[in-house]
Amino acid sequence: MSTDRDVRVLGPDGAIWFCEVAGNRIGRITVAEGIREFPLPAPRSLPRRITAGPDGALWVADGIKGSLERVATDGDITSFVRPGLWAASDVTAGPDGALWVTTFEGQLVGRMTTGGDFSSFGSGETDVGYAITAGPGGALWF
């Protein structure tokens, strides 16, 4: 498991969840059960970042196929492909109950509801950063 801060997260089920960046899988680890792995539905995905979502699931930013993956705690995976197929760099749960995403190119910020409604912000010409996190006071930092 990597030491990169966003390739692993404590899930709502108390397990540690992690991205296998080169392995095209999401993993779950507990002391009692050990490691379980869940393959992503699309071949050659690039699960870059993972966050606990506002809906009790884990959300994964796919750096290649232009999607967010919703991973239920039982391992069921649902893909949400974003318009324009731009590659996700990072994902975080926002204070508004939505998922917020930065792009690998660092030029757009996206917002997606847990139901899949997606919008993007930025001109596509100015760098806004690769990482994003929710901060105090309901602010998002990128």
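This report walks through the strands, the aromatic pairs and the salt bridges of the structure above.

A quick word on the basis: this is a predicted model, where local features need pLDDT of at least 70, side-chain atom pairs count only at pLDDT 80 or more, and totals for chains, interfaces and linings use all residues. Residues are numbered from 1 along each chain as its sequence is written, and side-chain values use heavy atoms, with hydrogens and water left out.

**The chain as a whole**

The chain has zero helices and 14 strands (helices are DSSP runs of H or I with at least four residues, strands are DSSP runs of E with at least two, and both are numbered from the N terminus).

Of the 142 residues in the chain, 44% are buried. Here, buried means under 20% relative accessible area, exposed means over 50%, and partly exposed is in between, using a 1.4 Å probe and protein chains only. The chain exposes about 6,900 Å², with carbon and sulfur atoms supplying 55% of that area; the areas come from the Shrake-Rupley method with a 1.4 Å probe, and for residues only the protein chains shown count as cover.

What about contacts along the chain? Among those between residues at least 6 apart in sequence, 36% join residues at least 24 apart; a contact means heavy atoms within 4.5 Å.

Next, have a look at an open sheet of four strands, which has the order 1-2-3-4 and antiparallel pairing (two strands pair if DSSP finds at least two bridges between them). Strand 1 (8-10) and strand 4 (34-39) stand at the edges with a single partner strand each, so one side of each has no neighbour in the sheet. On average, neighbouring strands of this sheet are turned by 20° against each other, direction ignored; the angles use axes that are lines fitted to C-alpha atoms, for helices over the stretch in contact, and run from 0 to 180 degrees between N-to-C directions.

Zoom in on strand 3 (residues 25-30), which runs antiparallel to strand 4 and is joined to it by six bridges. Ile29 has Ile35 in strand 4 as its bridge partner.

**Aromatic pairs**

There are three aromatic pairs. To count, rings of Phe, Tyr and Trp (its six-membered ring) need centres within 6.5 Å; planes under 30 degrees apart are stacked, over 60 edge-to-face, and the rest tilted.

One of the pairs is Trp59 with Phe80, which is tilted, at 5.4 Å centre to centre and 40° between the planes. Trp59 sits in strand 6 (residues 58-62) and Phe80 in strand 8 (residues 77-81), so the pair ties together parts that are 21 residues apart in sequence. Trp59 is buried at 0% relative accessibility, and Phe80 is buried too, at 18%.

Another is Trp100 with Phe121: their ring centres are 5.8 Å apart and their planes are at 20°, so this pair is stacked. Trp100 belongs to strand 10 (residues 99-103) and Phe121 to strand 12 (residues 118-121), and the pair links distant parts of the chain, 21 residues apart.

**Salt bridges**

The structure holds seven salt bridges, each being a side-chain nitrogen of Lys or Arg within 4 Å of a carboxyl oxygen of Asp or Glu. Here are some of them:

| Salt bridge | N to O distance |
|---|---|
| Asp13 and Arg28 | 2.9 Å |
| Arg70 and Asp55 | 2.9 Å |
| Arg111 and Asp96 | 2.8 Å |

Where do the partners sit? Asp13 is in the loop between strand 1 and strand 2 (16-20) and Arg28 is in strand 3, so their pair ties together parts that are 15 residues apart in sequence. Asp13 is partly exposed, at 30% relative accessible area, while Arg28 is buried, at 9%.

Arg70 lies in strand 7 (residues 67-71) and Asp55 in the loop between strand 5 (47-52) and strand 6, so this pair ties together parts 15 residues apart in sequence. Arg70 is partly exposed at 22% relative accessibility, as is Asp55 at 28%.

Arg111 comes from strand 11 (residues 109-112) and Asp96 from the loop between strand 9 (88-93) and strand 10, 15 residues apart. Arg111 is partly exposed at 23% relative accessibility, and so is Asp96 at 38%.

Finally, salt bridges that share partners join Asp13, Arg28 and Glu33 into one network.
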